[in-house]
Amino acid sequence: MLNATYPSLTYIDRTNQVLSHLKLKLELQRGFPTVYALKPGPQNLLPLLKQYFGFTSFRPLQEEIIRDSLAGKDVFALLPTGGGKSLCFQLPALARDGLTVVVSPLIALMKDQVDALQASGVAATFLNSSLTADESRKRLRGLHTGQYRLLYAAPERLMLSGFLADLQKWNVKLIAVDEAHCISEWGHDFRPEYRQIADLRGLFPNVPFMALTATATGRVREDIIAHLKLREPRTYVASFNRPNLTYRVLAKSKPYDQVLDFLRARPNDSGIVYCQSRKSAESVAANLTEDGVKAKPYHAGLTPDERSRHQELFLRDDVRVICATIAFGMGINKPNVRFVIHHDLPKNIEGYYQETGRAGRDGLPSECVLLFSAGDVVKQTGFIDEKPDPGEQQIARAQLQQMVHYAECAVCRRKELLAYFGEDSDVENCGGCDNCLSPRQTFDGTLAAQKFLSCVFRIREKNGFGVGLNHVVEVLTGADTEKIRKWEHTTLSTYGIGKEHNRPEWAAIGRELVRLGHLRQTTEKFSVLELTQAGATVLKSRAKVTLTKPVTVPEKSVSHVGEISCDEVLFARLRQLRKQLADERDVPAYIVFSDVALRQMARNYPANERDFARISGVGEKKLNEFGAAFLGEINDHLQTNARQIFADDSFAAPAAPPPRKSKGLGDSARETLRRFRAGISVEQIAREREVTTGTIMGHLAEGIERGEPVDLGKFFTGEEKQQVAAAFDRNGYGNIVGVFESLGGKIDYGRLRIFRAAENAKKQ
């Protein structure tokens with residue numbers, strides 16, 4: 001065990017705000033250094049960034065990664081989906097002569113990125129099986145003559161002997177391995193062919209390597225570095241937090257109806273519905289189309305042409321919804337995916353995180369919904385049992401247990417996700433998940449816990465071995481099964497004592513006792529429950545145990561991080577123009593401009609090329625190609641429509657979110673208000689009601705927004721009110737994380753929400 005003092009691991013989110021600090025002990029024990037924030041060097045990269053990509057500044061860690069790569073160093077970069085990984089190897093390709101080779105796992109990913117690069121004036125190409133022989137020869141000639149700066153290829157193509165010989169003639173200056181987690185058996189998408197990439201190190205000993213991924217635990221990071229033979233790599237880890245995403249878990253009940261209701265409430269949004277099986281993907285897509293929602297399936301059972309066609313329809317907004325298995329999505333760069341629904345339970349948290357990461361890549365508010373049922377856990381367990389390798393089975397069971405824990409937990413889901421990837425968060429209430437927005441009710445579960453723990457103890461005491469969760473439930477509910485008769489469990493004192501709960505309820509109680517640490521669940525094929533020391537203490541002392549009611553549909557509306565107010569009528573016109581221009585060029589709409597760019601246009605009303613060039617994403621080529629058309633559309637709109645004025649015309653900060661509408665406060669919030677007005681402190685109310693102080697502050701904020709009078713003087717001094725008001729003015733009322741950080745953490749999130757609620761109430 002290391003006892004030295006370690007430097008801090010600084011996680012930085014997509015808005016360049018420091019979120020939290022972790023000790024590097026684990027990273028150092030694994031044997032590789034970590035770099036987080038270097039002082040910026042000369043700004044000579046910025047003209048290239050603006051010219052080709054239309055941006056005036058880098059996202060967190062991009063510049064540091066790029067400069068290390070240009071200095072010839074190996075780099076490992078873990079950036080979240082939407083965090084700008086691609087730019088880390090695309091910009092170096094423009095900053096020096098020679099060829100950058102990008103190892104990419106999917107044909108769709110290659111075409112997607114190359115289309116976007118070519119639209120920005122970058123000489124890029126790909127080679128894969130989708131090309132005709134003539135087209136492949138043409139591209140090979142271009143590579144021989146130095147026509148291209150970037151080449152995308154799959155590992156299988158790269159490692160062909162003839163191709164390797166060509167590659168050594170093409171002045172390769174960087175080898176970038178995208179989706180690098182595919183090289184690890186511990187990753188969620190292991191691909192054996194990725195292991196061959198390490199052979200390139202011997203052929204190109206002086207060429208720097210760059211490995212990039214959006215999802216990797218510490219163990220997977222270690223695997224990537226070892227298998228790719230990275231040499232003293234500079235390692236960059238950005239925050240996994242996606243503040244614009246809202247996470248929700250709903251109890252699965254008539255799932256198709258749940259999906260349809262969700263989509264009908266969002267008629268202008270596009271997104272992905274992930275299904276466990278090909279059959280489900282086909283069925284959901286067909287039913288949606290019949291019900292008036294344009295949808296297509298995507299899975300490995302379709303022909304390559306069908307998959308390609310369905311993907312293109314989705315990218316071009318001709319189809320609103322893709323119903324897909326996990327075969328869809330890796331590297332798909334559609335920035336305006338507004339929602340991701342998991343129709344079925346994912347196998348592991350890495351896959352879930354990456355799939356939800358398809359949403360909101362443009363930084364605008366987006367939703368992630370998981371439909372959860374215990375039946376899905378049984379299905380996934382069955383699939384695991386079919387795996388031939390016992391080692392793989394054990395890994396898969398552990399991963400599934402973690403996924404179920406996430407789905408059923410009552411704490412902040414964002415905090416749970418971050419913790420899984422080793423990132424700590426001290427935010428008490430994220431304001432962007434169902435558990436924070438609508439905390440689930442708790443109940444005194446002492447008696448139920450005593451019965452369950454006692455049953456586990458009595459079974460082992462009688463037979464000398466443990467049993468699985470389902471068998472414990474069967475004993476408690478008095479079932480008559482072959483195993484119960486064989487092991488004489490009808491004679492146990494706990495047999496049939498739990499008929500006040502049905503079997504699903506007892507199963508949920510058992511899983512929560514595992515999460516609370518009172519029970520341990522093994523990961524072998526025949527998983528058994530074991531009483532922990534903590535559980536034995538609870539059983540002996542009869543200590544109070546508080547349990548949480550199962551997940552259900554939340555009633556409250558969701559507040560969004562990063563909302564951008566704009567002229568919605570103009571935004572719709574600009575989207576229509578974008579679609580027309582994209583169709584003429586046979587590319588997806590976002591290749592022309594992102595939704596963020598269109599919303600900025602519909603907010604700032606640029607009147608000339610100089611103003612238009614200030615729009616995010618407008619580079620030199622796009623200004624020349626599209627500037628006149630969009631400026632003309634904006635001018636036409638203003639001929640018959642008044643120019644709207646927004647709270648902050650600088651666009652740097654989102655406008656305050658509109659007050660939530662409600663017929664009235666819920667009983668729980670009203671009870672909090674009653675006690676607060678009686679002079680009871682927030683801390684005391686939280687203790688009495690057995691909830692967090694964040695929940696109580698949320699109740700008070702909700703009451704204020706609905707017109708309930710609350711004295712702000714109980715939360716702020718006069719000077720603090722001035723400081724908080726100034727911080728919200730600087731950062732915007734939708735960016736509470738930025739306000740918190742700009743105040744140095746001196747004002748907690750609960751009080752900031754109280755202040756924002758009071759400002760919202762003034763606007764009603």
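Biologist: Which residue lies over the face of F314?

Modeller: Note that this is a predicted model. A charge counts as sitting over a ring if NZ of Lys or CZ of Arg is within 6 Å of the ring centre and within 35 degrees of the ring normal. Here the distance from the ring centre of F314 is 5.1 Å, and the residue over its face is K334.

Biologist: Over the ring of which residue does the charged end of R599 sit?

Modeller: The cut-off for the distance to the ring centre is 6 Å. The charged end of R599 is 4.3 Å from the centre of the ring it sits over, that of F571.

Biologist: How many aromatic pairs does a search of the whole structure find?

Modeller: Ring centres must lie within 6.5 Å to pair. Searching the whole structure on that basis gives 16 aromatic pairs.

Biologist: What kind of aromatic pair do F163 and W170 form?

Modeller: The centres of F163 and W170 are 5.7 Å apart, with 85 degrees between the planes. Planes over 60 degrees apart count as edge-to-face. The F163 and W170 pair is therefore edge-to-face.

Biologist: Is F163 buried or exposed?

Modeller: Buried means under 20% relative accessible area. F163 has 7% relative accessibility, so F163 counts as buried. W170, at 5%, also counts as buried.

Biologist: At what angle are the ring planes of F593 and F630?

Modeller: The ring centres of F593 and F630 are 5.2 Å apart. The pair is edge-to-face because its planes are at 80 degrees.

Biologist: How many residues apart are F593 and F630?

Modeller: F593 is in the loop between helix 25 (589–592) and helix 26 (595–604). F630 is in helix 28 (residues 620–640). Both residues are buried. The pair links distant parts of the chain, 37 residues apart.

Biologist: Which residues have the most contacts inside the largest nonpolar core?

Modeller: The largest nonpolar core has 105 residues. One of its residues, L167, touches V101, L151, L158, V172, L200 and F204, not counting residues up to four places away in sequence. The residues with the most contacts inside this core are L167 and L200.

Biologist: How many residues has the other core, with M697 and L712 among them?

Modeller: This core lies apart from the largest one. F740 and I754 are also among its residues, and the core is of 30 residues.

Biologist: What percentage of the protein chain do buried residues make up?

Modeller: The protein chain has 34 helices and 19 strands. Of its 764 residues, the buried ones make up 56%.

Notes:
Residues are numbered from 1 along each chain as its sequence is written. This is a predicted model: local features need pLDDT of at least 70, side-chain atom pairs count only at pLDDT 80 or more; totals for chains, interfaces and linings use all residues. Side-chain values use heavy atoms; hydrogens and water are left out. Rings of Phe, Tyr and Trp (its six-membered ring) pair if their centres lie within 6.5 Å; planes under 30 degrees apart count as stacked, over 60 as edge-to-face and the rest as tilted. Buried means under 20% relative accessible area, exposed over 50%, partly exposed in between (1.4 Å probe, protein chains only). Helices (H or I, at least four residues) and strands (E, at least two) are DSSP runs, numbered from the N terminus. A nonpolar core is a set of buried Ala, Val, Leu, Ile, Met, Phe, Trp, Tyr and Cys residues joined through side-chain atoms within 4.5 Å. Contact means heavy atoms within 4.5 Å.
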